[in-house]
Amino acid sequence: MTSNGIALKRKLEGFYEAGLDTLNISLDTLNPYLFEIMTRRRGFDKVMGSIDQALQLGIPHVKVNTVVMRGVNDKEVLDFVAYTKDHPVNVRFIEYMPFDGNKWKRDTLVPYSELIRNIEAKFGTLEKIKDSVNDTTKHYQLPGYKGKIGFITSMTDHFCSTCNRLRITADGSIKVCLFGSAEVSLRDLIRKDKQDDELIQVINEAVKKKKKQHAGMFELASRKNRPMILIGG
């Protein structure tokens, strides 16, 4: 599951007992003051408490998703890397992507290749970890560190040819590509009492229309798409 971590801690034990084995927590800064500015709310300590609780419970896969923006939080990348020394988490640095309402600009994007150079200049050579066939993250690790880091390179080095991700939005629509504006409402079909085989056929047809790759960063920036908060992690 994906969460902002604010109200998660008190519910985590129940989720874990129910079988939760993978947790994504969105966290773009380790600075409590910047956290309030970026999220427009208090709660940094609650988010960090949720991460600590997940590790104490022994949830197998704890991931921290960090969108890197130049001039905002790019200087904190090294702090996140240092955090993985004693914490067995997977910090994933996400290239800043254009969505409705986020005022994306090319100058705000920090390419993953630049992040790697900066990290290795501080910490030394990163060890590449073998990724799964359909992984959307390029994983690395520093020798002796408990955690690992990854890069989701949607903008500068897309992974469209191996991406097998499908998304169901909170209002019941299927998206075969995060950047695609085309959606099919499974909710409406279910409300019309469509049977499972009919739903499967609709999903199959949607998947067949999945593009070979997205249109590139500048084209994406000019297109209409839902805000990420309405798509879901």
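Ring pairs tie Phe80, Phe93, Tyr112, Tyr140 and Phe151 together into a cluster. Rings of Phe, Tyr and Trp (for Trp, its six-membered ring) pair if their centres lie within 6.5 Å, and planes under 30 degrees apart count as stacked, over 60 as edge-to-face and the rest as tilted. The model is a predicted one, where local features need pLDDT of at least 70 and side-chain atom pairs count only at pLDDT 80 or more, while totals for chains, interfaces and linings use all residues. Residues are numbered from 1 along each chain as its sequence is written, and side-chain values use heavy atoms, with hydrogens and water left out.

Now for the ring pairs themselves. Searching the whole structure turns up six aromatic pairs. Phe80 and Phe93 make an edge-to-face pair, at 6.2 Å centre to centre and with 85° between the planes. This pair links distant parts of the chain, with Phe80 in helix α4 and Phe93 in strand β4, 13 residues apart. Helices (H or I, at least four residues) and strands (E, at least two) are DSSP runs, numbered from the N terminus. Phe80 and Phe93 are both buried, a word that means under 20% relative accessible area, as against exposed at over 50% and partly exposed in between (1.4 Å probe, protein chains only). Tyr112 and Phe151 form a tilted pair, 6.0 Å centre to centre with 50° between the planes. Here too the pair links distant parts of the chain: Tyr112 belongs to helix α5 and Phe151 to strand β7, 39 residues apart. Tyr112 counts as buried because its relative accessibility is 17%, and Phe151 is buried with a relative accessible area of 0%.

Next comes the sheet. Seven strands form an open sheet with mixed pairing, in the order β1-β2-β3-β4-β7-β6-β5. Its edge strands, each pairing on one side only, are β1 (2-3) and β5 (127-128). Two strands pair if DSSP finds at least two bridges between them. In general, strands of a sheet pair through backbone hydrogen bonds, either parallel or antiparallel. Strands β6 (residues 138-141) and β7 (residues 148-152) run antiparallel and are joined by three bridges. Tyr140, one of the cluster residues, stands opposite Ile149 in β7. Helix α3 (residues 44-57) packs on the sheet, touching β2 (22-26) and β3, and its direction makes about 165° with that of β2. Helix α5 (residues 112-123) also packs on the sheet, touching β3, β4 (90-95), β6 and β7, with its direction at about 155° to that of β7. Axes are lines fitted to C-alpha atoms, for helices over the stretch in contact, and angles run from 0 to 180 degrees between N-to-C directions. Contact means heavy atoms within 4.5 Å.

Asn73 is also worth a look. It sits in the loop between β3 (61-68) and α4 (77-83), and it counts as buried because its relative accessibility is 3%. A polar atom of the Asn73 side chain lies 2.7 Å from the backbone oxygen of Asp28, and one lies 2.9 Å from the backbone oxygen of Val67. Apart from neighbours within four places in sequence, Asn73 is in contact with Asp28, Leu34, Met38, Thr66, Val67 and Val68.

As for the whole chain, its secondary structure comes to nine helices and ten strands. Of the 233 residues, 41% are buried. Among contacts between residues at least 6 apart in sequence, 62% join residues at least 24 apart.

Definitions and conventions: A polar contact is a pair of N or O atoms within 3.5 Å; within protein, one must be able to donate a hydrogen and the other to accept it, and residues adjacent in sequence count only if both atoms are side-chain atoms.
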